[in-house]
Structure formats: structure tokens, C-alpha cells
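Subject: Structure handover

Hello,

Here is the structure for you to look through. Please open it next to this email as you read.

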Amino acid sequence: MEKRGKKYLENGYLGLVVLFLYAPIFMLTALSFNAGRSRAHFSGFSLQWYAEMFQDEAILQALKNTLIIAFLSAFIATVLGTMAAIAIRKMKKLPRNLIIGVSNVPMLNADIVTGISLMLMFIAFRFSLGFNTILISHITFNLPYVLLSVLPKIRQSSQVSYEAALDLGATPLYAFFKVVLPDIMPGVLSGFLLAFTMSLDDFIITHFTRGAGIDTISTLVYSEARKGIKPTMYALSTLIFVTVFVVLLCANFAPGFFERKKKEKTA
């Protein structure tokens with residue numbers, strides 16, 4: 001009886017923590033379906049703010065920019081990060097630890113420092129701030145997260161199968177795609193999804209490197225908040241939350257799915 005009461009108490013604490021974290025988001029979601037503009041009175045269920053959001057050219061352009069930058073930066077960072085992880089594994093202990101330590105610095109560094117540093121670098125090299133500078137910046141801060149996801153899988157993978165494939169006549173490139181890549185795919189996929197989420201959610205670095213005339217969702221929400229938040233921003237924010245939530249679910253459950261598929265094939 002005492003154990004059951006303790007369990008109920010722990011579940012109650014957990015429920016309060018979840019409520020504390022998600023209550024503001026639930027309120028935002030409810031307001032996005034409010035027929036009126038009031039934040040204190042619910043006038044009735046309506047999808048008008050979602051309809052207006054999809055008719056707003058500024059929002060659609062910002063959404064397009066955000067998705068393109070997030071996908072391209074995540075893909076390029078995943079390719080470069082996977083190549084770097086393979087190269088790091090073959091290094092000696094001292095340079096390997098040094099490179100890993102240096103690659104972790106951007107994750108620990110404040111975003112505002114990274115954003116200002118990148119902006120100053122682009123200005124020094126006479127880069128015009130815009131789409132390309134945002135893309136380069138997102139690739140830069142996504143790389144450490146890809147390395148963090150791929151390196152453990154690289155360490156767990158065995159070189160025996162790869163060397164056996166080479167002995168049987170496979171080229172290094174063919175052996176990599178047929179032997180190594182399937183073995184580390186859960187880490188690669190997790191790195192891609194994490195990089196995509198980080199890019200989708202970034203504001204500070206994008207704000208300092210975007211220049212004039214281009215907006216992402218985060219910078220658009222910031223500019224709208226300064227003028228006075230419109231209900232279409234509630235709808236947009238709700239869609240952002242749902243998108244990020246789904247991506248995070250995929251990042252958490254996809255590695256286990258690949259592990260099960262791998263076991264089924266070897267069984």
C-alpha cells in the first residue's frame with residue numbers, strides 16, 4: 001500500500017512537471033483556434049487564422065526559406081559530419097581527442113557569440129548577408145551535433161566486415177555504402193534529424209547572419225512580436241511546435257527501428 005501511494009505521488013509530480021512545461025503551448029494552440037482576437041475570451045472554434053496564415057505571402061516565404069535552409073544545412077552537415085567521424089576514428093589518440101574537444105566548443109559556446117563571430121567573418125570577407133550566409137552558418141553549428149550522433153556508432157562498428165569486403169574484391173566506396181553505412185545509419189539519421197530540428201528552431205545566429213530582405217520563421221515571429229502579435233502567429237507557432245515534436249519523435253524512435261531491422265536480417 002505504501003509503495004502504491006509513493007508511485008501515485010511520483011506520477012503526480014511528473015504530471016505537474018509536464019503540465020508546467022506544456023501549459024503555455026496548450027494555451028497558444030487553443031488561441032490559434034479562437035474565432036476572435038481576444039486572448040482572454042474564447043469566442044468559438046475557427047480555422048480562420050490558419051486560412052489567413054496560408055494566404056500571407058510573408059509567412060509562406062519565411063516558411064519556404066526555413067524548410068530549404070533546414071534541409072540543406074542538415075543534409076550537408078550530415079555528409080560532412082559522417083566523413084569527419086570516419087576520419088577521426090582513424091586518428092591517433094591525442095589528435096583524435098583534440099579534434100573532438102575542439103568540435104564540442106560550438107555546442108558549449110553561447111549562440112550570440114557564434115552569431116556575432118560569423119557575421120564579422122562574413123563582413124571581413126565581403127560576403128553579402130543573405131540566404132547563403134544563413135546556410136553556411138547553419139551548417140557550421142550543425143556539424144558538432146552530427147559528430148556527436150555519428151561518432152558513437154562509428155566506435156561500435158567493426159572494421160572486420162569492411163576489411164572482409166575489400167578482401168573479396170569490393171572497392172572502398174562500394175564497401176562503405178554496403179557495409180559501413182548500414183551499420184552506422186541509426187547515428188547518421190539521428191544526426192540529420194537533430195541538425196534539421198536545430199536549424200528549424202534557430203533564431204539568434206540567423207538574426208545576425210540573415211541580412212535585409214530575407215526572413216525565416218523565427219525572425220518573422222520576432223519582428224511580428226515587436227509590432228504586436230497577430231493571431232496568425234499563434235497558428236504558425238502551433239504548426240512549428242507540431243513539426244518539431246514529430247521530428248523529435250522520429251529522432252528518438254527511428255534508431256530503435258533500424259536496430260530491430262538489422263537484428264531481423266541477421267537472425
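This is a predicted model: local features need pLDDT of at least 70, side-chain atom pairs count only at pLDDT 80 or more; totals for chains, interfaces and linings use all residues.

Residues are numbered from 1 along each chain as its sequence is written, and side-chain values use heavy atoms, with hydrogens and water left out.

Whole chain

The chain has 11 helices and 0 strands. Both terms refer to DSSP runs numbered from the N terminus: a helix is H or I with at least four residues, and a strand is E with at least two. Taken along the principal axes, the C-alpha atoms fill a box of roughly 70 × 70 × 30 Å. Of the 267 residues in the chain, 35% are buried. Buried means under 20% relative accessible area, exposed means over 50%, and partly exposed lies in between, with a 1.4 Å probe and protein chains only. The chain exposes about 16,500 Å², and carbon and sulfur atoms supply 68% of this area. Accessible areas come from the Shrake-Rupley method with a 1.4 Å probe; for residues, only the protein chains shown count as cover.

A contact means heavy atoms within 4.5 Å. Among contacts between residues at least 6 apart in sequence, 72% join residues at least 24 apart.

Nonpolar cores

A nonpolar core is a set of buried Ala, Val, Leu, Ile, Met, Phe, Trp, Tyr and Cys residues joined through side-chain atoms within 4.5 Å. The largest one has 28 residues, and those with the most contacts inside it are Ala85, Val150, Ile184 and Phe196. Helices H3 (57-89), H6 (131-156), H7 (159-167), H8 (172-201) and H11 (231-266) each supply at least two residues of this core. H8 gives the most, with 11 residues. Phe196 is in contact with Leu67, Ala70, Phe71, Ala74 and Val247, leaving aside neighbours within four places in sequence. A second, separate core of 10 residues includes Tyr50, Ala62, Leu220 and Ala235.

Thr66 is in helix H3, and Thr78 is in helix H3. Thr66 counts as buried because its relative accessible area is 5%. Not counting residues up to four places away in sequence, Thr66 touches Leu200, Thr216 and Ile217. Thr78 is buried too, with a relative accessible area of 7%. Leaving aside neighbours within four places in sequence, Thr78 is in contact with Val146, Val188, Gly191 and Phe192.

Ile205

Ile205 is found in helix H9 (residues 204-209). At 1% relative accessibility, Ile205 counts as buried. Apart from neighbours within four places in sequence, Ile205 is in contact with Asp111, Thr114, Gly115, Leu118, Ser137 and Phe141.

The salt bridge

Side chains of opposite charge can pair when their charged atoms come close. The structure holds 1 salt bridge, a term for a side-chain nitrogen of Lys or Arg within 4 Å of a carboxyl oxygen of Asp or Glu. Which side chains meet in a salt bridge? They are those of Arg210 and Asp215, at 3.2 Å from N to O. Arg210 counts as buried, at 18% relative accessibility, whereas Asp215 counts as partly exposed, at 25%.

Regards
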